[in-house]
Amino acid sequence: MKFTCSRQDLLDAATNVQRAVSTKSNIPALEGILIKAQGETLSLSGYDLEIGIITSIPAVIEEEDELIVSARLFGDIIRKLNSDTVCLSGDATNVITIQGGNAEFSIPVSPASEFPEIPAVTDGKSLTLPRDLLSSMIRQTLFAVAQNENKPIHTGSLFETGEGMLRIVSLDGYRLALRQEPIQAEENFHFVVPGKTLGEVLKLLSANDEEEEVSLSVGNRHIIFTIGTYSVISRLLDGEFLNYRQSIPKGNTTLVNVKVREFIDSLDRASLLINDRLKSPVRCVFENDEIKISCATTIGRIRDEIGAQLAGDSVEMGFNNKYLMDALRAAESDEVRIELNGPVSPMKIYPPQGEDFLFLVLPVRLKNEI
């Protein structure tokens with residue numbers, strides 16, 4: 001193998017691909033990046049048996065070959081080189097030399113035959129979405145993905161088409177996030193993508209803002225996101241996703257319109273008294289066109305209030321401060337419409353108009369007055 005390419009292009013590719021590389025595995029090849037030099041293209045692949053990332057960059061290739069390099073070491077070397085270009089040469093079964101500026105590294109490599117086969121999706125369903133739209137839909141739902149493995153299916157987000165809409169739904173037993181947009185889909189389908197995969201997809205969507213569209217190819221067991229020159233391959237989660245529609249309470253007895261920033265800032269102040277050792281719900285009283293916020297722990301207490309537009313019954317509720325702030329931050333709007341149906345029913349958070357998103361936050365039982 002022998003090639004020359006841009007150091008920055010190689011660094012960007014290696015950094016992104018490295019996120020799909022196993023940090024510790026019984027299979028050494030899973031801790032490496034597969035490099036293929038062919039034609040005028042250099043391909044880099046990382047795969048940890050659950051998620052794979054593949055990309056390619058232009059290169060001047062003098063000798064074609066493929067090999068596996070240590071992802072961590074290779075990335076660190078390319079990052080530290082003080083040059084605009086990198087030249088790599090060597091034997092795919094022994095040692096390669098990496099040159100940049102006055103520096104020259106020699107590192108061991110492994111044969112490409114040891115790299116596991118990355119799954120392909122053939123004859124699957126396909127969907128094309130605007131980059132900004134997919135980025136927004138993932139960003140507004142990823143926060144509610146379950147972080148524990150009690151129900152593995154809920155460690156991912158449900159993608160669902162039907163009635164001319166695409167919906168992405170995440171839930172963890174304490175909150176639910178739903179984002180929907182009208183689309184044109186030839187057929188209805190649903191599948192669950194791991195939250196880890198969606199996190200990596202979101203990073204690539206943010207970094208590749210020149211790409212206008214993203215394509216999804218969905219098979220029975222895997223999905224491929226194509227984002228510019230990157231392909232993200234992931235397994236799909238198996239199991240029965242909760243019937244989220246039954247979790248959404250009907251109607252409301254209290255309707256509140258509030259500025260998001262003011263609400264978050266007040267909750268943030270109350271959170272100064274809460275930590276991992278001192279857990280206490282934030283008490284919210286909705287009445288008389290204002291929200292009264294209070295909290296008490298052994299290190300102190302706070303009372304605060306913000307203005308709001310309120311219609312309907314007054315209600316007093318308690319919430320986990322983090323869960324409520326996560327939902328408000330995900331709204332990505334100046335104001336939200338909040339619907340309440342008594343002190344024990346979940347809070348429903350909508351945009352000021354319409355129902356493009358819905359966040360449910362379960363209340364916490366309150367104890368004594370403070």
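These legends describe close-up views of one predicted protein model.

Residues are numbered from 1 along each chain as its sequence is written, and side-chain values use heavy atoms, with hydrogens and water left out. In this predicted model, local features need pLDDT of at least 70 and side-chain atom pairs count only at pLDDT 80 or more, while totals for chains, interfaces and linings use all residues.

**View 1**
Helices (H or I, at least four residues) and strands (E, at least two) are DSSP runs, numbered from the N terminus. The C-alpha trace spans about 75 × 50 × 35 Å along its principal axes. The protein chain has 370 residues, and 53% of them count as buried. Buried means under 20% relative accessible area, exposed means over 50%, and partly exposed lies in between (1.4 Å probe, protein chains only). Take the contacts in the chain with a separation of 6 or more: residues 24 or more positions apart account for 67% of them. Contact means heavy atoms within 4.5 Å.

**View 2. Helix α1 meets helix α2.**
Two packed helices are described by the angle between their axes and the distance between the axes. Here α1 covers residues 7-18 and α2 covers residues 71-80. Their axes come within 9 Å and cross at roughly 150°. Axes are lines fitted to C-alpha atoms, for helices over the stretch in contact, and angles run from 0 to 180 degrees between N-to-C directions. The two helices are therefore roughly antiparallel to each other; that term is used for angles over 145 degrees. α1 passes α2 in a left-handed crossing, meaning that the near helix is turned anticlockwise from the far one by less than a right angle. On the α1 side, R7, L10, L11, A14, T15 and Q18 make the contact. On the α2 side, A71, R72, F74, G75, I78 and R79 make it. By class, the contact has six nonpolar, three polar and three charged residues. Ala, Val, Leu, Ile, Met, Phe, Trp, Tyr, Cys and Pro count as nonpolar, Asp, Glu, Lys and Arg as charged, and the others, Gly among them, as polar.

**View 3. An open sheet is built from nine strands.**
The order is β15-β12-β13-β14-β27-β26-β25-β19-β23, and the pairing is antiparallel. Two strands pair if DSSP finds at least two bridges between them. β15 and β23 (309-312) stand at the edges with a single partner strand each, so one side of each is left without a neighbour in the sheet. Neighbouring strands are turned by 20° against each other on average, direction ignored. Helix α5 (residues 260-270) packs on this sheet and touches β19 (254-259) and β25 (335-340). The direction of α5 makes about 90° with that of β19. Helix α6 (residues 321-331) lies across β14, β25, β26 (347-350) and β27. α6 runs at about 175° to β27.

**View 4. Strand β12 has a partner on each side, β15 and β13.**
β12 (residues 156-162) is mostly covered: seven of its seven residues are buried. Five bridges join β12 to β15 (residues 190-194), and the two run antiparallel. F159 has F191 as its bridge partner in β15. β12 also pairs with β13 (residues 165-171) over five bridges, again in the antiparallel sense. T161 stands opposite L166 in β13.

**View 5. E163 sits in the loop between β12 and β13.**
Most residues other than glycine have a negative phi, and most peptide bonds are trans. E163 has a positive phi, near 60°, and is not a glycine. The hairpin here has two residues between the strands. E163 counts as exposed, at 71% relative accessibility.

**View 6. Strand β14 pairs with β27.**
Five bridges join β14 (residues 175-182) to β27 (residues 357-361). The two strands run antiparallel. L176 has L360 as its bridge partner in β27.

**View 7. Two hairpins share strand β17.**
β16 (residues 213-218) and β17 (residues 222-227) pair in the antiparallel sense over four bridges. Three residues join them in a hairpin. S217 stands opposite I224 in β17. β17 then pairs with β18 (residues 230-235) over six bridges, also antiparallel. I224 has I233 as its bridge partner in β18. Two residues lie between β17 and β18, and G228 in this turn has a positive phi of about 60°.

Terms used: Parallel < 35°, antiparallel > 145°, perpendicular 65-115°, else oblique.
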